[in-house]
Amino acid sequence: MTLLKQRQQMNMSASMLQSELVLKLWRHQTVNLLELFKAVSMLAQAVGLEKPGKEQEVRDVMEGLNTRLRAVQAGFGEMSLYLREEVEDDILALGSAQLKKNISQISEYAGKADVKSIQLYLDNIFGMLFVKVVKASKLPNLDAGFFKSSQDMTDACVVLRLCGQGREECPQTAVVKDDLNPTWDEEFILPVLPDQKKLTFEIFDSDEDQWVGRGRDEIGFVTATFRHESGAWIKRKEPVLSFKSSTPLSKSTFEYHLLFVNTFQQLLCMDPDDGLDAVDTLRLVANHTMQSVNYFLTQT
Ligand SMILES: [Ca+2]
Ligand SMILES: [Ca+2]
């Protein structure tokens, strides 16, 4: 291949890559913002902007919404964040899907002139939890009994339940068989609704391996709050509480890691090389600024 041809091919693939990155910016930032503005604008009609005597009320509402919309817009982050190769499209697509759900909810509230709900949704328009279920220690043995073998011990699994969710629709870990100190080391990504504030880890003993008996028995739970600490990994080890009395089971503990992300900007700044495990804090974004997409496209 001639040198000229090689160079032409390199230029070609570089410009294709650039186009893909601009498309990423369009899909995840531009389109979402446009849809949000469209959804909120329906409120103006529903509230009845033109009705005489309502001017002050309408002005107050709009002022509050403007401030919130500015904050949402800022949370999307700089354009340049979307134009980096290292940002994983899968995670962004997951984030966009959740945003779209919330935006369509906002448009529904706008049609009903439900300002309070719109405010709640704008304040919490994006939420995603990255969770690592690490391990439990000193769980009680629910499989102990006169007719059972001495090796038969609790087979623990954990259900991750956000408030308001039915247990059956929640994700859960694998079962660790016959172990009172089970290690799961399993990672989950959970979309969070604007009014969800707590995640409960519910620990069960699975009895699926037994001829008689129910599917699983309750062991205990640990509840995590997450909204007050966004953008940094939290690592906790806590006592397991009894389902019946909400008091600690003797000596049983549960360990988990949790990262709550509440803006697209934070999502974009997660370091994909570190995976879920090793990211202690999100990377700084200060050095990513850019004037225009055109400038980006002409930089080959
Ligand atoms: Ca067992
Ligand atoms: Ca069991």
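Eight helices and seven strands make up the secondary structure of this chain, and the model is a predicted one. Of the chain's 300 residues, 25% are buried. If you look at contacts between residues at least 6 apart in sequence, 69% of them link residues at least 24 apart.

**Helix packing: H1 and H4**

- Helix H1 covers residues 3–47 and helix H4 covers residues 89–111; their axes come within 8 Å and cross at roughly 10°.
- Angles under 35 degrees count as roughly parallel, so that is how H1 and H4 run relative to each other.
- On the H1 side, the contact is made by Lys-24, Arg-27, His-28, Asn-32, Glu-35, Leu-36, Ala-39, Val-40, Met-42, Leu-43 and Ala-46.
- H4 brings in Asp-89, Leu-92, Ser-96, Leu-99, Ile-103, Ile-106, Ser-107, Ala-110 and Gly-111.
- Sorted by type, the residues of this contact come out as eleven nonpolar, five polar and four charged.

**Strand pairing around E7**

- Strand E7 (residues 248–261) pairs with strand E1 (residues 128–137) in the antiparallel sense, over nine bridges.
- Within E7, Glu-255 sits opposite Lys-135.
- E7 also pairs with strand E6 (residues 234–241), again in the antiparallel sense, this time over seven bridges.
- Arg-236 has Tyr-256 in E7 as its bridge partner.

**The E6–E7 hairpin**

- E6 and E7 form a hairpin with six residues between the strands.

Methods:
Residues are numbered from 1 along each chain as its sequence is written. Chains are lettered from A and ligands numbered from 1 in the order in which they are written. This is a predicted model: local features need pLDDT of at least 70, side-chain atom pairs count only at pLDDT 80 or more; totals for chains, interfaces and linings use all residues. Axes are lines fitted to C-alpha atoms, for helices over the stretch in contact, and angles run from 0 to 180 degrees between N-to-C directions. Helices (H or I, at least four residues) and strands (E, at least two) are DSSP runs, numbered from the N terminus. Angles under 35 degrees count as roughly parallel, over 145 as roughly antiparallel, 65 to 115 as roughly perpendicular and the rest as oblique. Two residues are in contact if their C-beta atoms, placed from the backbone, lie within 7 Å. Ala, Val, Leu, Ile, Met, Phe, Trp, Tyr, Cys and Pro count as nonpolar, Asp, Glu, Lys and Arg as charged, and the others, Gly among them, as polar. A residue is buried if 20 or more other C-beta atoms lie within 10 Å of its own, exposed if 12 or fewer, and partly exposed in between; C-beta atoms are placed from the backbone. Two strands pair if DSSP finds at least two bridges between them.
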